[in-house]
Amino acid sequence: TGDVVWNDNTQSGFLRLAGMPVNDPGKAQYQLWIIDPERDTHPVDGGVFDVSSSGEVVIPVQARLAVDRPTTFAITLEKPGGVV
């Protein structure tokens, strides 16, 4: 479970998650995607992160490109360093 706090003016926010599986950063990392259908058909990279312990984690989010109207935040498990 989780929730997002997002600020359009600063293009940043925080993602709070609970119950995420711990990952091995040498094998895979979580990557956050910001979806803004008015901007483009492709999601915007919100950064990569690791979950090192069970319980609640809070991850800072910084959009790599400008996002006007984010409607969805999605998480994928990717190779170390994430993907473009």
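Me: Buried means under 20% relative accessible area, exposed over 50%, and partly exposed in between, using a 1.4 Å probe and protein chains only. Why is Asp24 called partly exposed?

Reply: Its relative accessibility is 41%, so Asp24 counts as partly exposed. This is a predicted model: local features need pLDDT of at least 70, side-chain atom pairs count only at pLDDT 80 or more, and totals for chains, interfaces and linings use all residues. Residues are numbered from 1 along each chain as its sequence is written, and side-chain values use heavy atoms, leaving out hydrogens and water.

Me: What makes the approach of Asp24 to Gly26 a polar contact?

Reply: A polar contact is a pair of N or O atoms within 3.5 Å; within protein, one must be able to donate a hydrogen and the other to accept it, and residues adjacent in sequence count only if both atoms are side-chain atoms. Here a polar side-chain atom of Asp24 lies 3.0 Å from the backbone nitrogen of Gly26. Asp24 sits in the loop between β2 (12–18) and β3 (29–35). Strands are DSSP runs of E, at least two residues, numbered from the N terminus.

Me: How many aromatic pairs does the whole structure hold, and why is the Trp6 and Phe73 pair called tilted?

Reply: The search finds two. Rings of Phe, Tyr and Trp (its six-membered ring) pair if their centres lie within 6.5 Å; planes under 30 degrees apart count as stacked, over 60 as edge-to-face and the rest as tilted. The Trp6 and Phe73 centres are 5.8 Å apart and the planes stand at 55°, so the pair is tilted. Trp6 lies in β1 (residues 2–7) and Phe73 in β6 (residues 72–78), so the pair ties together parts 67 residues apart in sequence.

Me: What makes the pair of Tyr30 and Phe49 stacked?

Reply: Its planes are 20° apart, with 5.5 Å centre to centre. Tyr30 is in β3 and Phe49 in β4 (residues 44–49), 19 residues apart.

Me: How do you know that Tyr30 and Phe49 are buried?

Reply: Tyr30 has 7% relative accessibility, so Tyr30 counts as buried. Phe49 has 6%, so Phe49 is buried too.

Me: What makes a nonpolar core, and which residues have the most contacts inside the largest one?

Reply: Such a core is a set of buried Ala, Val, Leu, Ile, Met, Phe, Trp, Tyr and Cys residues joined through side-chain atoms within 4.5 Å. The largest has 15 residues, and Leu15, Leu17, Ile34 and Phe49 have the most contacts inside it. The elements giving two or more residues to this core are β2, β3, β4 and β5 (56–62).

Note on methods:
Helices (H or I, at least four residues) and strands (E, at least two) are DSSP runs, numbered from the N terminus.
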